[in-house]
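Here is a briefing on side-chain contacts and backbone angles. Please keep the structure open while reading.

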Amino acid sequence: MRHGKKHNHLGRTTSHRKAMLANMASSLIKAKRITTTLAKAKALRMYVEPIITKSKNDTTHSRRTVFSYLQDKDSVTELFRDVAAKVANRPGGYTRIIKLNNRLGDNAEMALIELVDYNEVYGVETEVAEKKTTRRGRSKAKKGDATEEKEEVVQAKEEVLEAPVTEESKEDKGE
């Protein structure tokens, strides 16, 4: 039984799996996105997200801990210098997995795994987009909007009443 065994073995020995995930994590940090199988992408996400969280605290101890996982000085430097600055205020969820078409050779499920903060397509525009309104049932105007509209109508009526009467307007009325 597999009680409490959370990680996917990926059909490899422990040493092979750790080396593969370390290489994939280094490639992800350097290139910001990689294409791999869906199972490897999910395993990589569980491997790399705690490493990125540890990079937020730039101390010698955290650098050594991250280096023990990645085994690559360049990727550790890139992680602590550039990536940590971008994810500083994000509470988690640093990676995104996007499913792709199956691989032609063996029909394996493929996926694109990327660092969320480095994608320009899903950038600021999605945050600025307005909330869509639904068209169910009666219209529910916000109380603040309704009072503003009423105030505008009252001001418009007052302006009409206070408008000076000119000779042209008297002639139009027949006086």
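Predicted model: local features only at pLDDT ≥ 70, side-chain atom pairs only at ≥ 80, totals over all residues.

The structure holds 7 salt bridges. The count of aromatic pairs comes to 1.

**Salt bridges**

- Side chains of opposite charge can pair when their charged atoms come close.
- Asp72 and Lys30 meet in a salt bridge, with 2.7 Å from N to O. Asp72 lies in the loop between helix 3 and helix 4 and Lys30 in helix 1, so the pair ties together parts that are 42 residues apart in sequence.
- Asp72 is buried at 18% relative accessibility, because the cut-off for buried is under 20%. Lys30 is partly exposed at 44%.
- Arg90 and Asp117 form a salt bridge at 2.9 Å, N to O. This pair links distant parts of the chain, 27 residues apart. Arg90 is in the loop between helix 4 and strand 2 (95-99). Asp117 is in the loop between strand 3 (110-115) and helix 5 (124-128).
- Arg90 is partly exposed, with 25% relative accessibility. Asp117 is partly exposed too, at 22%.
- Arg63 and Asp58 also meet in a salt bridge, 2.9 Å from N to O. Arg63 has 31% relative accessibility and counts as partly exposed. Asp58 counts as partly exposed at 46%.
- A network of salt bridges links Arg33, Arg96 and Glu114.

**Aromatic rings**

- What is the geometry of the rings of Tyr47 and Tyr69? Their centres are 6.0 Å apart and their planes stand at 80°, so the pair is edge-to-face.
- Tyr47 is in helix 2 (residues 38-55) and Tyr69 in helix 3 (residues 60-70), 22 residues apart. The pair thus links distant parts of the chain.
- Tyr47 is buried, with a relative accessible area of 16%. Tyr69 is partly exposed, at 42%.

**Charges over a ring**

- Lys32 lies over the face of Tyr118, 4.8 Å from the ring centre.
- The charged end of Lys86 also sits over the ring of Tyr118, at 4.6 Å from its centre.

- Most residues other than glycine have a negative phi.
- Leu10 is buried, at 13% relative accessibility.
- Is Gln71 buried or exposed? Gln71 is exposed, with a relative accessible area of 55%.

Technical notes. Residues numbered from 1 in each chain as written. Heavy atoms only, no water. Phe/Tyr/Trp six-rings, centres within 6.5 Å; stacked < 30°, edge-to-face > 60°. Helix = DSSP H or I, 4+ residues; strand = E, 2+ residues; numbered from the N terminus. Buried < 20%, exposed > 50% of the residue type's maximum accessible area, 1.4 Å probe, protein only. Lys NZ or Arg CZ within 6 Å of the ring centre and 35° of its normal. Salt bridge = Lys/Arg side-chain N within 4 Å of Asp/Glu carboxyl O.
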